[in-house]
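Hello,

Here is the structure I promised to pass on. Have a look at it first, and then read my notes below.

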Amino acid sequence: MEKIHKPFGLVRRKKFNLKQGFFLSLMRTFGFTGAITLFIILFFVAYYGLQVLSWDFITQPPLEAMTQGGIFPVIMGTVLLTMLCMIFVIPIGVTTAIFLAEYSKPGFMLTAVMMSMYTLAGVPSVVFGLFGLGIFVVALNFGMSLLAGSLTLAIMVLPYIISTSEEALKAVPFSFREASLACGATKWQTIRKVVLPTAMPGILTGAILGTAKVSGETAPIMFTAAAFFTPGIPKSLFEPVMALPYHIYVLATAGTHIEETRPIQYGTALVLILLVFSMNLLGIILRSRQRKKRSW
Amino acid sequence: MVDKNIFEIKDFNIYYGDFIAVKNIALDIEINRITAIIGPSGCGKSTLLRALNRMNDLIPSSRVEGRALFQGVNIYDKDTDVIELRRRVGMVFQKPNPFPSSVYENVAFGPRLRGIKKKSLLDEIVENALVKADLWKEVKDKLNEPGLGLSGGQMQRLCIARSLAQEPEVILFDEPTSALDPISTGHIENLLQELEKTVTIVIVTHNMQQAARISNYTAFMYIGELVEFGDTNTIFVNPANKLTEEYITGRFG
């Protein structure tokens, strides 16, 4: 191949290549920066985190003023917060998405809902935290609790759930709706028996990715749910919980044993990253599988 | 001859916004016969067909004028129960569109909507519909497999079975074989002639040979208007209108 190109215009081409090559490698370098950053973070967290990661670390409660022991209640707190959050947000989000995708007509109502959704999606997470503090913790008197925290998280992730669900509903082909209506189904029967089941894998994928997003949030729970320390897992919705992101923050900044707890901080971070990664992975696998399976 | 015509259409116009898609149609469709509607693309034949079970309602800008009676009841009357109308006037579409569920669930869809829950009754309806659609032999061992896994021709017959399961009086076919190969097409044409004994069939087709082969009556439409309507033999052998003659001899279209 090389020989064929050699005789002609070699000099000019080389000059040109030099310039092009320079910018190409510049772009490559910048492009790789993201990947390298991720790799460094992962390496850093894994290197220190793996030193403490063990079966006991994820199944034991913290001991000795949190300088020893594990993070079991912390993991459970995050799991409970996100699960409860999903229980609140999925019905509201999916119902809103059905309204937007199937019923709404262009007009004031649709514009209002869409605008609020976009605005809500852009609000910084600490604002949600303050809002949750004001409404759920104080006004509704839920206190710093699992309930207040998961409701706050639910409001924060709502726009995401709505938009992924709406996309999933809109991806259901018109021909399915047509066939259902031609069978004498009402609009609601069509939605319930044809559109929703067809869109369900997409909706669930969105929910899983939403869960992954929520589980790493610190700001919305720090005023509404997260406790510095609880001895075990909460026994009611009205008890505060420990949570992975907040635990890292607490150990790294607020304790009296910041240096001693360094390994635990990294261990907690590693567990959080693994949790988020595995949920994202699950969501991505589900999504690619349903794309392959889709035969319409 | 009171109930000879299942549809009676008179002075019938269909608009999309300001555009008049179907104008001044007068057409009677005889019960338990096959009526074909032919004509070049964009002549309004599908629009007319979709008016008969009010599928045009799905297009927000569409509206109608005039009279279209089904069994003596005005289809577009305010009090007409659209759901019941669509139950009695089924439809099969151009592209086979089974639901992404099993063969069985596809056929049981209509009966389930009407509240039939008893398994034995549903089994019977499903089997009957599949037998009538000439699909039973091919799918009886894979009733629980996805309908979308069948071949194109089988999927279209599944859609016919799905429509038959709601015990319709009429089935509207919107170019049902244009996405199929010749063998599947022949299969479906034979099936339609078999069904004619119990169900009125209105079929829109691009394929003039198909209209000639299977229909009793043929309507020829051109730019929204009904040019000629009559006995299929007469239309194809001895058309009264010059335009019809030119179309069926393939001089345009």
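A crossover is called right-handed if, with the strands pointing away from the viewer, the path from the first strand over the helix to the second runs clockwise. In chain B, β7(B), helix α7 (residues 182-195) and β8(B) form such a right-handed β-α-β unit. Helices (H or I, at least four residues) and strands (E, at least two) are DSSP runs, numbered from the N terminus.

Before going on, note that this is a predicted model, where local features need pLDDT of at least 70, side-chain atom pairs count only at pLDDT 80 or more, and totals for chains, interfaces and linings use all residues. Residues are numbered from 1 along each chain as its sequence is written, while chains are lettered from A and ligands numbered from 1 in the order in which they are written.

Strand β8 (residues 200-204) of chain B is largely enclosed by the rest of the structure, because five of its five residues are buried (20 or more other C-beta atoms within 10 Å of the residue's own, with C-beta atoms placed from the backbone). Thr200(B), Val202(B) and Val204(B) point one way from β8(B), and Ile201(B) and Ile203(B) the other way. In a regular strand, side chains alternate between the two faces of the sheet.

β8(B) has these neighbours (strands pair if DSSP finds at least two bridges between them):
- β7 (residues 170-174) of chain B runs parallel to β8(B), joined by five bridges; Ile171(B) has Ile201(B) as its bridge partner.
- β3 (residues 34-38) of chain B is also parallel to β8(B), with four bridges; Ala36(B) stands opposite Ile203(B).

Best wishes

Note on methods
Buried ≥ 20, exposed ≤ 12 C-beta atoms within 10 Å, placed from the backbone.
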